[in-house]
Amino acid sequence: MEYCKLFEPGKIGNVEIKNRIVMSPMCMGFGQFNGCATETMMNYYEERAKGGVGLIFTEITRINDVSGASSFGQLGMSHDYQIPALSQMAKRIHKHGAKIMVQLHHPGRQNVGLMMGTVPLSIACEKIMGGLYAKMLTKYIIPPGKKLQEKHIVPPVSSPSKCERSKMSDSINKELSNKSVKKLICQFVEGAVRVKKAGCDGVELHAAHGYLIQQFLSPNTNKRTDEYGGSLENRMRFLLEIIDGIRKNCGEDFPIVVRLTVDEMYDRIGQKGKGYGLDEGLKMAKILSDKGIDAIDVSSGAYDTFNYWLEPTTFECGWRKNLAEEVKKVVNIPVIAANLIRSPQQAEKQLEDGIQDFVSLGRPLIADPHWANKVKEGNENLIKRCVCCLYCFESMMENAYKYTHGNCSVNTFVGREGEQLVKNGNNRRVVIIGAGCSGLTAAELLAKRGFNITVLEKESTVGGQLSLASKPPHKDKLDWVCEDLLQNVKALGVDVKFSTAATVELIKEMKPEIVINATGGNAIYPNAFKGENVCTVTEILNGNIKLENKNVVVIGSGMTGLETSELLVSQGNKVSIVEMADKIAPGAWFQHVDDAMPVLEKAGTKFYVSHKFVKFSDGKVVLERVKDSVSVEINADFVVLSLGVRPDNALFEELQKCSEFKSYNIGDSVKIGRIANATESAYQLVKSI
């Protein structure tokens, strides 16, 4: 297929972009305390420029160190000393024909109190203590600081007005004074001036996802009574005065893009009438267009409606394209939009249909930095697709407190773009057992190093544990992980033998130098619970047991338990979920829980937290309440156990006894984890061989 629209040049202001592919701004934490671009950050962005993207928007870039720093590894444009490093990064991106614009940002009420004033202190301490300070911060200062934060014994965060706490940060907020508002406007303008001095191609103002500028726009967070609150005109004044200041100080020919939430999506979480919807968002877009900005980057949602701007895997590709389509009708400037685009065909069609002028790819370019070039060169089948597992954001949030960066489940080179694989395989033979994500990742990386690889898979298809994970409703994107790996290993000449059960004898016949066991794991099924009408989630997910119109009790409320329950209710069953902990899905990332719970609640699912499964007999499930050992009985036709997975390493134990080859164990067959753990396990092994 030809992608004429996708690779057609376009313009934002007077800046010509070589194609219609834009990298969305995403904070991954590759920076440092002082806000200067690091070598790791430069490598990360340059790799996407090499990969053919036309325009790169940087991650959220702070303009204020005291109240506006969102993470320790964030890019900054709050001081002149940050200009040289950004200039160097811009030159590296320009070298590959891509443009770079910097997204200026302040978190407002979505910051955490622990960050208030912490960055300036950290910069000063690092100057005195060097690298020792970062170790002390992450080990001795942040852990107690997080406990103080949980108890709200930290400074309040800034907000247009005192209002409800942000769902995710849960921080107490205080209203900005009129003087502080005007100071922040100046700081945004000063940040833009620094961006221009660094040789970048423009700025994007982050007026989306519930951050400070959007907080001024929303009546839910802006209850001010001065000239910055009340009417739409007043609520937009903060943003418009920033634009005026940038125009005055940077000139008419310096592009300004605004990333705008045009619908806060509160109605999607059952809070209709809260905040603002698309009608008012379109009025904002038109005012900005009439103001003379150079492009609008259409988005939706805020932290309170998190899944409606950073979608989990269940969301349909293009589900919010109507937002950009409606904006196009009221503006006369280019429209950029993400729209959960996951294929070049989808991107091309949305451009052809006039829904948007530029395709914004965020997570897809984390997963595959060479997305654009693969499409242009006719190798779109080799794209590693983002499966919306959310690990990039989850790991970034977790690692931000450790002064390190986010990662990607399907791209183990995120943050390692400067590393090179040593090509010293010399056609040495390697046998890999298992065509799941760890086995195929090892196969791909070893093939790139020049080894001769054969993969043995007992099933007729790739996937391993992910084949099961993709079976609940709307989880089919998870199949992409191994499908894409299979295409890539085949292109590298790897021999994948399906329906071939590995045995020690077979492997010896193949005469490998190295054998890698990636046999995954099996669902835990305690002997004490075995009986009639009892099974594990595996038999439900693989279709060996199909239940319809039954009363089913699921034991265990981890994400596997919740997602299996989604499948069960979709088949007409009435489900009860039992969990020993005091809450559903303990330890799971909140977005996945928020995604699953409404479906289960709508189906009438009953939840028994702080209850222990005792037995199942005579159509009754007997539970024991944890706090007082009181027995509870539930009528049930069937019990499904979701008690976790145990590594399957029986074959590996046999392989270790063989002296003819070296044997290694990776992925779930070592330790049960997620996609990212499996692919990282493969990466670490390959680097060590």
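View 1. Across the whole structure, a search turns up 41 salt bridges, each being a side-chain nitrogen of Lys or Arg within 4 Å of a carboxyl oxygen of Asp or Glu. Please keep in mind that this is a predicted model, where local features need pLDDT of at least 70, side-chain atom pairs count only at pLDDT 80 or more, and totals for chains, interfaces and linings use all residues. Residues are numbered from 1 along each chain as its sequence is written, and side-chain values use heavy atoms, with hydrogens and water left out. In this view, D357 and K328 form a salt bridge whose closest N and O atoms are 3.0 Å apart. D357 sits in the loop between α11 (344–352) and β13 (358–361) and K328 in helix α10 (residues 321–330), so the pair ties together parts that are 29 residues apart in sequence. Helices (H or I, at least four residues) and strands (E, at least two) are DSSP runs, numbered from the N terminus. D357 is buried, at a relative accessible area of 17%, while K328 is partly exposed at 28%. Here, buried means under 20% relative accessible area, exposed over 50%, and partly exposed in between (1.4 Å probe, protein chains only).

**View 2. K687 meets E419.** These two side chains join in a salt bridge, with 3.5 Å from N to O. Look for K687 in helix α23 and for E419 in the loop between α14 (391–400) and β14 (429–433); the pair therefore ties together parts that are 268 residues apart in sequence. K687 is partly exposed, with 39% relative accessibility, and E419 is also partly exposed, with 32%.

**View 3. The sheet β23-β24-β25.** This open sheet has three strands in the order β23-β24-β25, paired antiparallel. Its edge strands, each pairing on one side only, are β23 (611–617) and β25 (631–635). From one strand to the next, the twist averages 25°; axes are lines fitted to C-alpha atoms, for helices over the stretch in contact, and angles run from 0 to 180 degrees between N-to-C directions. Strands count as paired if DSSP finds at least two bridges between them. Strand β24 (residues 620–625) and β25 have five bridges in the antiparallel sense, and L623 stands opposite V632 in β25. A salt bridge also joins E624 and K612, with the closest N and O atoms 3.6 Å apart. E624 belongs to strand β24 and K612 to strand β23, 12 residues apart. Both are partly exposed: E624 at 25% relative accessibility and K612 at 34%.

**View 4. S669 and its partner N665.** S669 lies in the loop between β28 (662–665) and α23 (675–688). This serine is buried, with a relative accessible area of 0%. Its side chain makes a polar contact with the side chain of N665, at 2.8 Å. A polar contact is a pair of N or O atoms within 3.5 Å; within protein, one must be able to donate a hydrogen and the other to accept it, and residues adjacent in sequence count only if both atoms are side-chain atoms.

View 5. Y140 is exposed, with a relative accessible area of 55%.
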